[in-house]
Amino acid sequence: MYLLQFDWWFLLEKFILIAVIVTTALVVAMYSTYAERKIAAVLQDRRGPNRAGPFGILQPMADGLKLFFKEEIIPMASSKSLFILGPMLAMITALMTSAVIPWGGTIHIFGRDVSLQIADINIGVLYVFGVVSLGVYSIMIGGWASNNKFSLLAAIRGASQMISYELAMGMSLIAVLMIVGSLRLSAIVDHQIANGWNILYQPLGFLIFFICALAECNRTPFDLAEAENELNFGYHQEYSSMKLGFFLFAEYINMFISSVVMATLFFGGYDIPFVNEAAWGNHWWVGLISFSVLMLKACLFIFLFMWIRWTLPRFRYDQLMNLGWKGLIPMALVNMIITAVVLLALNK
Amino acid sequence: MTIWEKMYLPAIAKGMGITFSHMFKKKPTINYPEVTRPFSAVFRGVHILNRDEEGRERCTACGLCAVACPAEAITMEAAERQKGEEGLYREEKYAAKYEINMLRCIFCGLCEEACPKDAIYLSQTFAPANYARKGFIYGKDDLLIPNPKTEPEAYAKAKGTIGKEIK
């Protein structure tokens, strides 16, 4: 409807929103690399980066600068266009998911009601899963285009890991969708604001979702792609400079986005517990607060991701597959059935 | 394994608790070079050619250090003190050239023990870094301690923490 009327203000509003969200995602991802190193250091009684700027906070800039100035190497035997497409695809798919996430409620600004969501589509959850599964292509293309046997093996390994855990992830979510009765992400948040967070009803579902999110982001204990010493690195073995940077950066963006998705699906999104946000009205500062709350929740998840990374050892490949297919998928199915029975008993 | 153990989750939670508790522990890391670690009194670092309290070089180029050196790292050339140089050198003979090849030196301290004039000793500084191999051949410029009369601060710094007890 909006587009038919060709509402320029609507376009402008969305452009600004996209710019803000993409910038936020990039900055968060950038500083995740710093946080990762700092958290690793404190968990291991070290100091971490402390040279670039006060407390080393300029470290991400220094790293970025270094990546830009490193030599670009494209192997002779690689298929050049695909080789370049791989990291691009990784970044694109990582950022695309942010389009359907409700980053806050609707705010009233400059005489217009602005929804802090780029696209409030009916099939939000399906869109997220669709885009996330496109990430497999970046891994496969990256591994294939390198024309290196080890890269290809690693790509196959990574792709099968992602596909296996995506199944369990989707199944764990079905129970949530049964409770909410909508695939629209804003509806899921609204339902949680009205009825309490989904984590209260779906703790097992959340646990499964969380473990799958770890695997999807290639984080420890599922980081076979990063196993440099043991498995000859991963699908990005032949990549250098900023192209490798893109792959690694995309993983951090993925981590941020999946943290936000988890906060949205299970922890009430931008909802502050025991606070009736609706009573505050729709001022611009309410939007800012709700956005910050969502960010805070996401940051807590990011911390959890990192805490796990510096605690748990890496899975062996067969253990990884066993956990996915024999552990998580049956558990998700049982969770689904129990939820269905309870919902039936409650006659909802 | 019992079913509780097979679930792994309690063990994982325990492990996570252990790493989390490390966040609040004191870090043993020393922020080098802002903070340097105190060495023990017997630590053997980079050599220093000593001066006496009036700032005169103690070395008389007798060559005993070079003879004592098991790595044959020390070479020197002697020269005679001229008139008017009494303020520079303590005795009639002095080392015109004194070189230690730090790539060969094993910091055993035998030169220090061999020296009858208390002219060479091993200091508490230890970070010889260089870009080229020839940079590791330390001449008199690198080894000679600053003059205590004209540069007392640099002299004290070069003396370092020698003799101080470890905390």
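Over how many bridges do strand β3 and β5(B) of chain B pair, and in which sense? In this predicted model, strand β3, which covers residues 93-101 of chain B, pairs with β5(B) over two bridges in the antiparallel sense. Within this pairing, B:Ile100 is placed opposite B:Tyr138 of β5(B). The two strands belong to an open sheet of three strands in chain B, arranged in the order β2-β3-β5 with antiparallel pairing. Because β2 (74-80) and β5 (137-138) of chain B each have a single partner strand, they stand at the edges, and one side of each is left without a neighbour in the sheet.

After α5(A) comes A:Asn147, for which phi takes a positive value near 55°.

The contact between the chains draws on 15 residues from chain A and 16 residues from chain B. The size of an interface is often given as the accessible area lost when the parts come together. For chain B and chain A the buried area is about 1400 Å², with 63% of it contributed by carbon and sulfur atoms. On the side of chain B that touches chain A, the residues divide into eight nonpolar, five polar and three charged. Between chain B and chain A the count of salt bridges is zero, whereas six residue pairs, both members at pLDDT 80 or more, are found in polar contact across the interface.

Definitions and conventions
Residues are numbered from 1 along each chain as its sequence is written. Chains are lettered from A and ligands numbered from 1 in the order in which they are written. This is a predicted model: local features need pLDDT of at least 70, side-chain atom pairs count only at pLDDT 80 or more; totals for chains, interfaces and linings use all residues. Side-chain values use heavy atoms; hydrogens and water are left out. Contact means heavy atoms within 4.5 Å. Buried area is the accessible area (1.4 Å probe) that two parts lose on being put together, summed over both. A salt bridge is a side-chain nitrogen of Lys or Arg within 4 Å of a carboxyl oxygen of Asp or Glu. A polar contact is a pair of N or O atoms within 3.5 Å; within protein, one must be able to donate a hydrogen and the other to accept it, and residues adjacent in sequence count only if both atoms are side-chain atoms. Ala, Val, Leu, Ile, Met, Phe, Trp, Tyr, Cys and Pro count as nonpolar, Asp, Glu, Lys and Arg as charged, and the others, Gly among them, as polar. Two strands pair if DSSP finds at least two bridges between them. Helices (H or I, at least four residues) and strands (E, at least two) are DSSP runs, numbered from the N terminus.
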